[in-house]
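Please look through the sequence and the model first, and then follow the points below topic by topic.

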Amino acid sequence: MHCFSRIGRNLYCEKVPLRALAERFGTPLYVYSQSTLEHHYQSLDAALHPLDHLVCYAVKANSNLAVLRTFANLGAGFDIVSHGELRRVLAAGGDPAKCVFAGVGKTEDEIEFALRNNICCFNVESEPELQRINQIAARLKKAAPVAIRVNPNVEAHTHAKITTGTYENKFGIALDHVLGVYDKADRLRHIRIRGVQMHIGSQITSEKPFVSAVKRMLPLVQVLKAGHHVEFFSVGGGIGIVYDPALESGKPQWWKSKQAKGVITADSYARALLPLLQPLGLRIVLEPGRFLVGNAGVLITRVQYIKQTANKRFVIVDAAMNDLIRPAFYDAYHEIVPLFSRPGSRFPADVVGPVCESGDYFAKQRPLPPVKEGDYLALMSAGAYGSVMASNYNSRPFPPEIMVKGRKVSIVRDRQPIEELWQHEHMAAWQKD
Ligand code: LLP
């Protein structure tokens, strides 16, 4: 579900026509729907109602302060992976006591800052990290709260670059090895064991990998509850979203079944996991990112040229791989729709950006409705891993970000001023005169 819909021939975000935003703020432009963010959080929260649970939004998916504030106001916790993300959560008014700190490479400074801010726990990914946290906590005369991230060696059936829960990956401590690490943790004076954690991957569109992973974890979790008094079990993030709405409706069943991937919802996820998790009697922590923000954002771009070659039609737009890298990096599918729909039949085209790389494309041979130079297009489902993965490649400034709520519009990130691109650069000392 999301609040982007067509009224007449115009695409709206909630009650605001997107074309008005494109004309007012220019393109490329990210637009987020606050009601969609709220709806997704509330649907997950409601589906998990039978459990004592905490939803820790994975900040990496979209770390705009207004997005973080939306979730903080709903009572969310946060899954952070760096000093910078913790600073953002604090700046947005989030509660550090609801922050879980993940990542395989936490530095001494990051650990110290998080300890001083009394976060909920460190999700520990290795024994050397555990030792380091213990030493820093000793220096600060504190007990560091930890959960150990377990690698359950489960195949998540998602893109290789976003699979994390197999022994091929750098993440977590192997399931068959982790009990010994808990025993060691217990003997460390400045470590306080609070939980156990797993995360198997991202954009998982079936409940099955979650169920397999939780089933593998259950015996361990029960032992940890009895022997180490863990308070919570974090089942990580990874719930997938619908990038191609043809999966949800409008296409016949045979077409849907040809698609490798299905649709997962808050309810289907909860229905699959509740029977396994409820009997544990533990608090359940979740770390969803994409599920909460993915379909709540679009990237608006303007058609610069239509280039017809002997082989192909290229629709050249003013957004590029530096603004949204997912198609280039993961071959990801993003639906592309015009903000104003013209009548006429579809025609296959490559939608490409201006960056000097062949990988700079948003779609290949996509049957597009009629578009002309100057038209605006929306790249749908760009709320997660969109703006956060943007770069200044080709010296292109970061696009602005807009939050919409009903009829209200607010700019939540300014377009990056062009001078800022070299603001922190200098001529070498000997070049100055
Ligand atoms: N927890 C941990 C430990 C994670 O590593 C991640 C994502 C999450 C939670 C949140 O996962 P989500 O619910 O958003 O699937 N840039 C890629 C996705 C990378 C995901 C990294 N870890 C993409 O654009 O598809």
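In what follows, a residue is called buried when its relative accessible area is under 20%, exposed when that value is over 50%, and partly exposed in between, as judged with a 1.4 Å probe and the protein chains only. The model is a predicted one, in which local features need pLDDT of at least 70 and side-chain atom pairs count only at pLDDT 80 or more, whereas totals for chains, interfaces and linings use all residues. Residues are numbered from 1 along each chain as its sequence is written, and side-chain values use heavy atoms, with hydrogens and water left out. Helices (H or I, at least four residues) and strands (E, at least two) are DSSP runs that are numbered from the N terminus.

**Domains**

- The chain is divided into domain 1, which covers 34-290, and domain 2, which covers 295-418, the bounds coming from an automatic or database domain assignment.
- The centres of domain 1 and domain 2, taken over C-alpha atoms, are separated by 31 Å.
- To the contact between them, domain 1 gives 23 residues and domain 2 gives 21 residues, where contact means heavy atoms within 4.5 Å.

**The ligand and its surroundings**

- The ligand is surrounded by 18 residues, and the closest are Ser202, Glu287, Arg326, Tyr330 and Tyr385; a residue counts as near the ligand if one of its heavy atoms lies within 4 Å of it.
- Polar contacts, meaning pairs of N or O atoms within 3.5 Å, can be followed at individual side chains.
- The side chain of Arg326 has an N or O atom that is 2.6 Å from an oxygen atom of the ligand.
- Tyr330 places a polar side-chain atom 2.7 Å from a nitrogen atom of the ligand, while Tyr385 has a polar side-chain atom 2.6 Å from an oxygen atom of the ligand.
- Of the 590 Å² of accessible area that the ligand has on its own, the protein covers 92%, with areas computed by the Shrake-Rupley method and a 1.4 Å probe.

**Helix H5 and its neighbours**

- Helix H5 spans residues 108-116, and Glu110, Ile111, Glu112, Ala114 and Leu115 are buried in it.
- These buried residues of H5 pack against helix H4 (83-91), strand E7 (99-101), strand E8 (121-124), helix H6 (127-139) and strand E9 (144-151).
- After H5 comes Asn118, whose phi is positive, near 55 degrees.

**Salt bridges**

- A salt bridge is taken as a side-chain nitrogen of Lys or Arg within 4 Å of a carboxyl oxygen of Asp or Glu, and the count by this rule comes to 14 salt bridges.
- Lys106 and Glu129 meet through their side chains in a salt bridge of 2.6 Å, N to O; this pair links distant parts of the chain, with Lys106 in the loop between E7 and H5 and Glu129 in helix H6, 23 residues apart.
- Both Lys106 and Glu129 are buried.
- Arg342 and Asp375 form a salt bridge at 2.8 Å, N to O; Arg342 lies in the loop between strand E16 (336-338) and strand E17 (347-352), and Asp375 in the loop between strand E18 (361-368) and strand E19 (376-379), so the pair ties together parts that are 33 residues apart in sequence.
- Arg342 is partly exposed at 26% relative accessibility, whereas Asp375 is buried, with a relative accessible area of 11%.
- Between Arg413 and Glu401 there is a salt bridge whose closest N and O atoms are 3.1 Å apart; Arg413 belongs to strand E21 (residues 408-413) and Glu401 to strand E20 (residues 401-405), twelve residues apart.
- Arg413 has a relative accessible area of 31% and is partly exposed, while Glu401, at 2% relative accessibility, counts as buried.
- A network of salt bridges links Glu112, Arg116 and Arg139.

**Backbone details**

- The peptide bond from Thr27 to Pro28 is cis, with omega near -5 degrees, and Pro28 is found in the loop between helix H1 (18-25) and strand E4 (29-33).
- Glu14 is not a glycine, yet its phi is positive at about 50 degrees; Glu14 lies in the loop between strand E2 (10-13) and strand E3 (16-17) and counts as buried at 13% relative accessibility.
- Ser395, which is not a glycine either, has a positive phi of about 50 degrees; Ser395 sits in the loop between E19 and E20 and counts as exposed at 53% relative accessibility.

Key. A polar contact is a pair of N or O atoms within 3.5 Å; within protein, one must be able to donate a hydrogen and the other to accept it, and residues adjacent in sequence count only if both atoms are side-chain atoms.
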